[in-house]
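This report covers selected residues of one protein chain and their surroundings.

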Amino acid sequence: REDLWVREGKILNPEKLFFDEKGSADVQLDCKDSIIAPGFIDVQINGGFGVDFSLATDDFKSGIDLVSQKILSHGVTSFCPTLVTSPPSVYHQVLPQLSVRNGGAHGAGILGAHLEGPFISKEKKGAHPEHCLRTFEAGAFQDLLATYGSLDCVQIVTLAPEMRRSSEVIRELTKRGICVSLGHSVANLSQAEEAVQHGATFITHLFNAMLPFHHRDPGIVGLLTSDKIPAGRRVFYGMISDGIHTNPAALRIAHRAHPKGLVLVTDAIAGMGLAPGRHTLGQQVVEIDGLNTYIAGTKTLSGSVATMDTCVRHFQEATGCSAETALEAASLHPAQLLGIEHKKGTLNYDSDADFLMLNDSLYVQATYIAGEEVWRQDVSGM
């Protein structure tokens, strides 16, 4: 119920303005009872609107521009374009075309790539093509470098921690400020705990593509309540809260066990925002039927077509949590995961003025980046 002051793209402490500069606002905006919340951050999105980030094309840039523009209406103000398991040639072609950049009227900001695979488990490959999977057998970190070609704009790498020599890879990635996520894996709890001790901080889409919870060895899921997490460290976990990938009861269990670690991700694929039918996910053909997406001809789930604002609303509905809690899972927590919470994910003074206006049912009404309106719900047609 207060004023939010913005200047030069940052959220301002108005005290200085009043007392030091004796100034007042140049522009005043009546938010008409909207909720103001930090912009959403999607750390796992494979594409959308017909664009697939794992397809090497010469106009990759125009594809990423389209997605970053369109997700503004979902409240996403920054994101990590995600590549699923691909042949090295795809990484070598796509990654140089990707650059970290600020958001604006042109679209959501790009925080760096999320490389999901190919160093993952064959048993839990999910929608990832088996013939492209790799191991660290020979050169460990050198193998990873050779596969990706460059780590310049990489923010997150998902790998399976039970793979031989993964510990040294996790240490090397962490040393470079890259977030290591555990996923597509058959790791037991002690392997997962060891990975966290070496620097891993995230779990890729909890419950999906990992061993199911077992009371004697809870596997990666056990990290949520593990007592072997180094002091001062928090393990975060992604959840696809679309009502399809995770049963609401499982969502509630995870949230109650470790509320501060929950990060909502869309895991959206090229078919998000498109009509049902056949679309691609990297090297595979997928079929969309309502909110379900399967590898064509199978019942293997392959990413989602849910939007981030839908995930936030579904999460709140499933858990009965407060609006603040639901909004933080899509803003504050991903920012903390990436270590950027001093500038994104909050409405604190001096942070980037990336924020949303939402109604009480958490539908996005307007999206702002660096204090500028970049999208607004068209009310004339309603």
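## Contacts of Glu116

The side chains of Glu116 and His184 are joined by a polar contact of 2.8 Å. A polar contact is a pair of N or O atoms within 3.5 Å; within protein, one must be able to donate a hydrogen and the other to accept it, and residues adjacent in sequence count only if both atoms are side-chain atoms. A second polar contact, of 3.3 Å, links the side chains of His205 and Glu116.

The model is predicted: local features need pLDDT of at least 70 and side-chain atom pairs count only at pLDDT 80 or more, while totals for chains, interfaces and linings use all residues. Residues are numbered from 1 along each chain as its sequence is written, and side-chain values use heavy atoms, with hydrogens and water left out.

## Annotated binding site

An unreviewed UniProt entry places the feature "binding site" at Glu116, His184 and His205. These residues span 90 residues in sequence, yet no two of their C-alpha atoms are more than 11.0 Å apart, so they gather at one spot. UniProt positions follow the numbering used here, feature names are shortened, and annotations may be inferred rather than shown by experiment.

Glu116 belongs to strand E9 (residues 113-116). Helices (H or I, at least four residues) and strands (E, at least two) are DSSP runs, numbered from the N terminus. Glu116 is buried, with a relative accessible area of 2%. Buried means under 20% relative accessible area, exposed over 50%, and partly exposed in between (1.4 Å probe, protein chains only). Not counting residues up to four places away in sequence, Glu116 touches several residues, including Gln44, His128, His184, His205 and Asp267; contact means heavy atoms within 4.5 Å.

His205 sits in the loop between strand E12 (202-203) and strand E13 (236-239). His205 is also buried, at 4% relative accessibility.

His279 is part of strand E15 (residues 277-281) and is buried at 17% relative accessibility. A polar atom of its side chain lies 3.0 Å from the backbone oxygen of Ala275. Leaving out residues up to four places away in sequence, His279 touches Gly271, Leu274, Gln284, Val285, Val286 and Ile288.

Gly243 is in the loop between E13 and helix H7 (248-257). At 40% relative accessibility, Gly243 is partly exposed. Its C-alpha atom is separated by 8.6 Å from that of Leu291, 48 residues apart along the chain.
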